[in-house]
Amino acid sequence: MSNDLRRDVFRGMYNNPIYRNPHAGEKDDNSKSSGTQAPPSGWFSGIRLPRRQAIISFLNVLLLFVFVWHLPLLRTPGHSFLPSGASGPYTHPSALHAPLKPDFTASVISPSTRKSRRQLLAQARELSNLQFPKKIWQTWKTINLPDDETYTRRQTWFSVNPTHEYELLTDKTALDYVIKNFNATDPYIVYLYENLPQRILAADILRYLIAYKSGGLYSDIDTECKRPIETWVCQSIGNMPDVKKRDINLVVGVELDILDKTKYSEQWVKDAGFSRRIQFLQWTIYAKPGHEILRRMITSIQEAIRADIEKTEGKTIKKIKYNSTEILDATGPWRYTQTILDYVNDITGREVKHEEFAGITEGKVFGDVLFLPVNRLSPGVGHSNAGDDETSFMIHHFKSSWRDDDE
């Protein structure tokens, strides 16, 4: 094709209405130019795309570029209980049961994880917009309960709370739960849960993880329900007109109230195996998900066990061995009690004395935490003026054999 013919073809394409502005005819006649405008010259003079299509193509290319640029951010893990970067080496290498082999690089929980009173109050107000999840959690080794008595007690949670969902986690399903809910954000706690030799430590950790992630009511398998869970808060704050049900985000039971030294001597405390005169129980936890006390408890456990692993020969978790007193302090009610007291001091902005928990017969509120007297969750014990079953919300039968299993 000669150059003149090629030029005439391109000129004809340019003059063709298909390749011109479709709205050109709508312009005023005065705006029309006289004569024929020559097409632009250059290597792209033969390319003619409608303006709208060109814009769309450009935007698509731009969006693709932005997506590719941000791909690394999509792989960034969520919030961890440990400092930024500390959880990387502990990522579970498979979806479920592949063994973990972390390197035990020493790390310290960042002080920034401790929130100010203003932050705690804001967080409490945010949680108050949520309801307590209507779910009951219990755990056992398998779906086969140890005896008929345990089965009968478990049935009380169904019959007294027919509108609540119920879930029993076994050793297998509990591990799946922990991996599913925590491996992406805090794989070190998954490692501890799966590999601690004394399984009572893992059982303690599990209850805090459930309460933190899912909320609702966790209760040991050797408990029975006496009154509907939904009535616990309202009945306990009935004499406090300034406190609303929505203001309560965590319910804590007093386990031990023996400040009266004339009745409970130092020798009695020692013989009974207690370390303090006011203690909170953790066989039952009623919580809204994400509560700060539970986050602090999980963080504190990791920090303590990590430090103990560092002291072992070979720095291996398999060497961790606690006696019964050390278990109570590492993951049990002693650490839980101290964590709660620290939180109460922080959210109230003052030091709350132990005496303020002593002798209570109805609920008492500090911040967004409701404290129940001993008789509500642990009636009939031979101390703390606990009262009898008639005043209780539930009963704990103390059938756990963890001391025999783990000492």
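Glutamate 362 is partly exposed, with a relative accessible area of 32%. In this predicted model, its side chain meets that of arginine 376 in a salt bridge, with N and O 3.0 Å apart. Arginine 376 belongs to helix α14 (residues 374–377), whereas glutamate 362 sits in the loop between α13 (333–348) and β8 (364–366), so the pair ties together parts that are 14 residues apart in sequence. Arginine 376 is buried, at 6% relative accessible area.

**Salt bridges**

The whole structure holds 17 salt bridges. Side chains of opposite charge can pair when their charged atoms come close.

| Arginine 376 | Glutamate 362 | 3.0 Å |

Glutamate 266 is exposed, at 52% relative accessible area, while arginine 277 counts as buried at 10%.

**Aspartate 257**

Aspartate 257 is located in strand β5 (residues 250–257). This residue is buried but has no salt bridge. Arginine 277 provides the nearest side chain of opposite charge, 8.6 Å away; a salt bridge requires a side-chain nitrogen within 4 Å of a carboxyl oxygen. The side chain of aspartate 257 does reach the backbone nitrogen of glycine 359, at 2.6 Å. Leaving aside neighbours within four places in sequence, the contacts of aspartate 257 include Arg277, Ile278, Phe357, Ala358, Gly359 and Ile360. Val374 and Ser384 are also among them.

**Helix α6**

Helix α6 spans residues 171–182, 12 residues in total. From its first C-alpha to its last, α6 reaches 16 Å, close to the 16 Å expected at 1.5 Å a residue. Its buried residues are Ala174, Leu175, Asp176, Tyr177, Val178, Ile179 and Phe182. The elements covering these buried residues include the strands β1 (135–139) and β2 (165–169), together with the helices α7 (187–195) and α8 (199–213).

Note on methods
Residues are numbered from 1 along each chain as its sequence is written. This is a predicted model: local features need pLDDT of at least 70, side-chain atom pairs count only at pLDDT 80 or more; totals for chains, interfaces and linings use all residues. Side-chain values use heavy atoms; hydrogens and water are left out. Helices (H or I, at least four residues) and strands (E, at least two) are DSSP runs, numbered from the N terminus. The expected span of a helix is 1.5 Å times one less than its number of residues. Buried means under 20% relative accessible area, exposed over 50%, partly exposed in between (1.4 Å probe, protein chains only). Contact means heavy atoms within 4.5 Å. Lys and Arg count as positive and Asp and Glu as negative; His and the chain ends are not counted. A polar contact is a pair of N or O atoms within 3.5 Å; within protein, one must be able to donate a hydrogen and the other to accept it, and residues adjacent in sequence count only if both atoms are side-chain atoms.
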